[in-house]
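Here are a few notes to go with the structure you asked me to look over. Keep the viewer open while you read, and find each residue as it comes up.

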Amino acid sequence: MYVYYPPYNKMRSADVLDCHVLVIGSGGAGVRAAIEASGYGETILVSKTLTGKGGCTTMAEGGYNAVLREQDSCEIHFEDTMKGGAYLNDPELVRILVDEAPMRIRDLLQWGAVFDVTDCCEVAQRPFGGQRFPRTCYAGDRTGHEMMATLVERLAGAGVEVMNEVTALDLLKDGDRVVGAVGLDEKSELLAIRADSTVLATGGGTRIYDISTNSSSGTGDGFAIGYRAGAELIDMEMVQFHPTGAVYPYDARGRLITEAVRGEGGILKNSLGERFMSRYDPERMELSTRDVVSRAIATEILEGRCTAHGGVFLDVTHLPGQQIEEKLPVMLEQFLKFGVDIREEPMEVAPTAHHMMGGLRITPKCETTVIGLFACGEVAGGVHGANRLGGNALADTQVFGKRAGESAGKAKKKRGRIDKRALDAQETRLSAFFDGEVPPSTVARSLRTAMWEGAGIFRTARELEKTLGVITHLSSLPVKAAGRSNLAECCILQNMLTTASLVVKGALIRKESRGAHVRKDVTQTWDPQTSPYGHSYQSLTRTGIETVVKA
Amino acid sequence: MKKMNVRVQRFDPGQDEKPHFQTYLVEVNEGARVLHVLHAVHDEIDPTLSYRWCCGSGQCGSCAVRVNGEPVLACMEEARDAMTIEPLKLPVKKDLVVDLEPALDALSHIEPTGSAAMPTREEVELIKPLRSCIGCLACVSVCPAMDVTSFAGPTAMRQDFRLALDPRDTKDRVTEAVSKGLFTCTSCQACWKVCPKDIQIPGKAIEKLRSLANKKGLTLPRHQEVAKMVRETGRSVSRTEPTFMEQVGEVIEPHGPVKATVGFFVGCMYNQRLPQTALDAIEVLRRNGIRVIIPKEQVCCGSPLIRTGQLDFLDTLKRRNIDAFAFRNIDTVLTMCAGCGSTLKHDYRTPFRVMDINELLTRYGIEPPARLPLKATYHDPCHLLRGQGIRDLPRELITQVVNLVEMPSVCCGSGGGVRSGVPEEAAALAEKRREEIEKTGADIVISSCPFCEFHIMEHTDRPVKNVTTLLLEGYREKDRKKAENTV
């Protein structure tokens, strides 16, 4: 075993652990990857939180898209996903998603998942936005929680070493190859893990916005960690604003109000009582795609037809009480806690930053552009294009989680060496925080406000440049750790700043409106299908946007 | 924005010998939750404060803490001025962060058949409520049984029953649950009352597992004896002296004008073991204008059978009891046993209203008793406090007679068949009660449940009395003083 002696006595000597596959992240994709990888060799799963509690899968409410009925077809699911994604999706990845989603839900069912079923013992499905068939499988409105409960049970039986409350700081490299990661354990001691393959499954990062649905772990760590390790990221400007986030009370604003509310028949109204979706998408109405519904709500609010709390109404009072209690129990319970009985009165909602469609560029085997590094789930890009369909993220976690775990597991057992200098560099980086001046929470707050104001639903080059200036300034501030327990927070803040700058730079590179990305300062003559642009891309070595040669 | 003062428990095992409290003045938004107060302390005042949180919307169970002693999810509980925030009663890692992993890791996981055959809709509907557990472990943190005996805890039982219901699981979860301490649960309901997802673990998992255990012949021998006695005598305990019902007529008229007429459901303990307490209660009722009808054909309510999962004979008992009161057109049935009251209210569908004696006396008002120069403490019966939601009413009555010193509301160990089935556990819990009673310095202990009274009597040197006996003593003192004055 490699023995490491730190340069100063400030840190205990870093432990070095060894494994075949290291999975970073404990949401749906990470746990699925770890379960799969464990079949090929010793697997360690590192979780910033407690496995099963962190990440956004456990908060996902609405459902899991899979073609299960004869009347439906993978071809239609493919078309819906491509159209919903404004044709920016990687078609090969979409094909995999729609083809394998049914198998992966069967895995979950085999492992004990308790989805809602029909009278004929078939998995029940509900309609979701932008889909021509009701193909969203669900467990009430706690579908993600049900999946995580199932996955964590399976993980317990899979022999994976789970390391909870360990914050990954950076990937370790031997030449061009990723050979593991360095992190801080729950006592804020440095920890190095050597691995033949490393899977990034760290989820998204919309906590860089003032109003977000994400859990505490949605800080974009994987984007930043991958970027620093040399991986290429695509379409980082593609941030999904979920149409329906809570607006009250102030501190709970942004909390997800599931699309299932509209799937079950909920309707949107402005303060004048108008069912305004008829002006934006008369055909699909409330079940249009999220980008369209978000812009519609944002427009109603900007033009002053909003509620006292600055939202619009989402109403289910016309639905039978029993349907609300059975299909939307979490919504009912959450709103009751905040003093609103959704059976009796409408909810107030407004858009909230939700999902990152962009991320590390992956192959169908979930290989990133760096050898030894795999990515799956929200940290990977390309599956959802410019706008994700509701219900496709949970399917994504399982389909690509399995693929990443399998590819990482099958990779050759190649003993890379951990470079002592990389650990020294981490020591130096961490030590500097003790001499810092600005609390990370202060910087994070400024960042969130700047991102919400300058890189939100509607964007212009001027605002984006200004936001980038703010990010650059904030990145230059010396961040302060008040004690060891704050070290992780300082590193996470730096990840947030990196992620935010990738989003803003991507938004500047893409001089078109497409899906969730709207540039108000660009007039364009094309629609998504005839766009001259492909993926935007950013890495340490190159930045730009693919142009498509039209036949 | 509003300002509030909060007290937060701090503890860094690396530096501190023991936990201490720190008070912070924070500014938060209208409608802020406890979590937002913690954020405010961390962001604005002291970044070294450690607390765990994740989803911020009540779905992940990371942030459970105690606010003013009660376990809550920090992200859902509205913040209040002057609140005290402490970690759950679990091993503390730092400040408000407790060790959740041992209990979560100990939960059984499904061992699937390998087929994806789906459970039926009926099975899904049964499993779903048990599945909403978010693993916050508030239940584990309040379970009294886990403190004194080997019990895997409420959520482990929930998980075992969830698996027992699932046709895809291959293991015998019932036998497993028995070996994990299924019969050590006292049915105190503390786990249910603190569950943020309102999962009724004792009633919807533990009693159900016990009834499955019964079908497998795993019911404890002492519980089987109780069931046999109920079947043979209609009573769950033997008599040690003339019973209450042998000593009274069927209708007891009050001393003065009739304020109300009620049927009296006596219960096995007051009828067979503590008849004097029931006679005391009758005296108090007569003095306060309550006409009491006592149908003599009433039998055991069935609670000892339900709690231990022996349901064969239950319907017969229910029918006999309901008929006894319905036949006499009684619209209000009075209980003074907390266990009977909770059972009639929750496990029966009665054509009459059921009222606990504390409810009845406070509803119609009582003649003021004289005060006695005693300091008393009150033991909340589980089936009254959590089973029937009655907390303040007995205190209203008690404080008319004596000064009351509070102690924490924890199970005495007599419920759920534990006193008969696992006596050493029942004794250990009662010993903890004795310690709490001694801390109060009280002269007497008051309660309102025959099981608690009987059980605690064996473990304390202080007199243990029913609320109504205390009232009667207040009346006797009043009469004595009145007699003195007239002499």
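Into which domains is chain A divided?

1. First, keep in mind that this is a predicted model. Chain A is split into domain 1 (15-238 + 357-410), domain 2 (244-352) and domain 3 (423-521). My other points are about how domain 2 and domain 3 meet.

2. The centres of domain 2 of chain A and domain 3 of chain A, taken over C-alpha atoms, are 30 Å apart. Where they touch, eight residues of domain 2 of chain A are in contact with six residues of domain 3 of chain A.

3. The size of an interface is often given as the accessible area lost when the parts come together. Here, domain 2 and domain 3 of chain A bury about 490 Å² between them, and 78% of that is on carbon and sulfur atoms. On the domain 2 side, Asp291(A), Arg295(A) and Pro351(A) supply 65% of the area buried against domain 3 of chain A, more than any other three residues.

4. What about specific links? Between domain 2 and domain 3 of chain A there are zero salt bridges, and one residue pair is in polar contact (both at pLDDT 80 or more).

5. Now colour the domain 2 side that touches domain 3 of chain A. Helix 8 (290-302) and strand 14 (347-356) of chain A are the elements giving two or more residues to that side. Helix 8 of chain A gives the most, with six residues. By type, the residues on this side of domain 2 of chain A are three nonpolar, three polar and two charged.

Conventions. Residues are numbered from 1 along each chain as its sequence is written. Chains are lettered from A and ligands numbered from 1 in the order in which they are written. This is a predicted model: local features need pLDDT of at least 70, side-chain atom pairs count only at pLDDT 80 or more; totals for chains, interfaces and linings use all residues. Side-chain values use heavy atoms; hydrogens and water are left out. Domain bounds come from an automatic or database domain assignment. Contact means heavy atoms within 4.5 Å. Buried area is the accessible area (1.4 Å probe) that two parts lose on being put together, summed over both. A salt bridge is a side-chain nitrogen of Lys or Arg within 4 Å of a carboxyl oxygen of Asp or Glu. A polar contact is a pair of N or O atoms within 3.5 Å; within protein, one must be able to donate a hydrogen and the other to accept it, and residues adjacent in sequence count only if both atoms are side-chain atoms. Helices (H or I, at least four residues) and strands (E, at least two) are DSSP runs, numbered from the N terminus. Ala, Val, Leu, Ile, Met, Phe, Trp, Tyr, Cys and Pro count as nonpolar, Asp, Glu, Lys and Arg as charged, and the others, Gly among them, as polar.
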